[in-house]
Amino acid sequence: MIGRLAGKLVSKNPPQVLLDVQGVGYEVEVPMSTFYSLPATGEPVTLLTHLVVREDAHVLYGFATPEERAAFRQLIRISGVGARTALSVLSGLSVAELGGAVAMQDAARLTKVPGIGKKTAERLMLELKGKLENAVPSDGKGASGGDVVNALVGLGYSEKEALAAVKGLPPGLAVAEGIRAALKALAKS
């Protein structure tokens, strides 16, 4: 299994990139979130990878962060969700947004991703519930961010207001501190 590639970025053709690793060119499919974080062509780059072996092809998928790769692996374990669909989900939503949508059971957010209908979104929410904690980074926008949003909604704020308040939180806040900071931000607006 190829778990990581480090080399020179030769070309970028969304959603595919070509990496030169010591004279060997690897075609790697990447989500748009990873694509936008890539350096210019000719620069060194490191991607975490997942190899999918099919009857007709061996396809490498690359990710900028371990959280993206973990979310991709959780997505492809779901019946009816293939690698292309998983890549589409990660291109349309960040890992934190996906985790938030699953935690809040927000099917509407998932259906905004091209190729994800209502039934697929409901299946994703059901299958991923409780499985993305390791994939979501633990900053103010990750798992604890969902707790802060839930607390603010419980206090009477709309979900939109709560999400906007959580976006401005610095990373690494505890839930209680996050609630205080979010309430201060909401009081100012």
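A nonpolar core, as the term is used here, is a set of buried Ala, Val, Leu, Ile, Met, Phe, Trp, Tyr and Cys residues joined through side-chain atoms within 4.5 Å. In this predicted model, the largest such core takes in 29 residues. Leu75, Leu98, Leu110 and Leu124 have the most contacts inside it. Two or more residues each come from β5 (58-63), α2 (66-76), α3 (83-92), α4, α5 (107-111) and α6 (118-128), with α3 giving the most, at 5 residues. As a general matter, nonpolar side chains in soluble globular proteins tend to be buried together.

Setting aside residues up to four places away in sequence, Leu124 touches Leu75, Ile78, Val81, Val89, Leu110 and Ile116. Another core, of 13 residues, lies apart from the largest one and has Met32, Val45, Leu47 and Leu60 among its members.

Then there is Glu97, which sits in helix α4 (residues 95-103). The side chain of Glu97 reaches back to the backbone nitrogen of Ser94, at 2.9 Å. Once neighbours within four places in sequence are left out, Glu97 is in contact with Gly92 and Arg109.

Terms used: Residues numbered from 1 in each chain as written. Predicted model: local features only at pLDDT ≥ 70, side-chain atom pairs only at ≥ 80, totals over all residues. Heavy atoms only, no water. Helix = DSSP H or I, 4+ residues; strand = E, 2+ residues; numbered from the N terminus. Contact = heavy atoms within 4.5 Å. Polar contact = N/O pair within 3.5 Å; in protein donor to acceptor, adjacent residues only side chain to side chain. Buried < 20%, exposed > 50% of the residue type's maximum accessible area, 1.4 Å probe, protein only.
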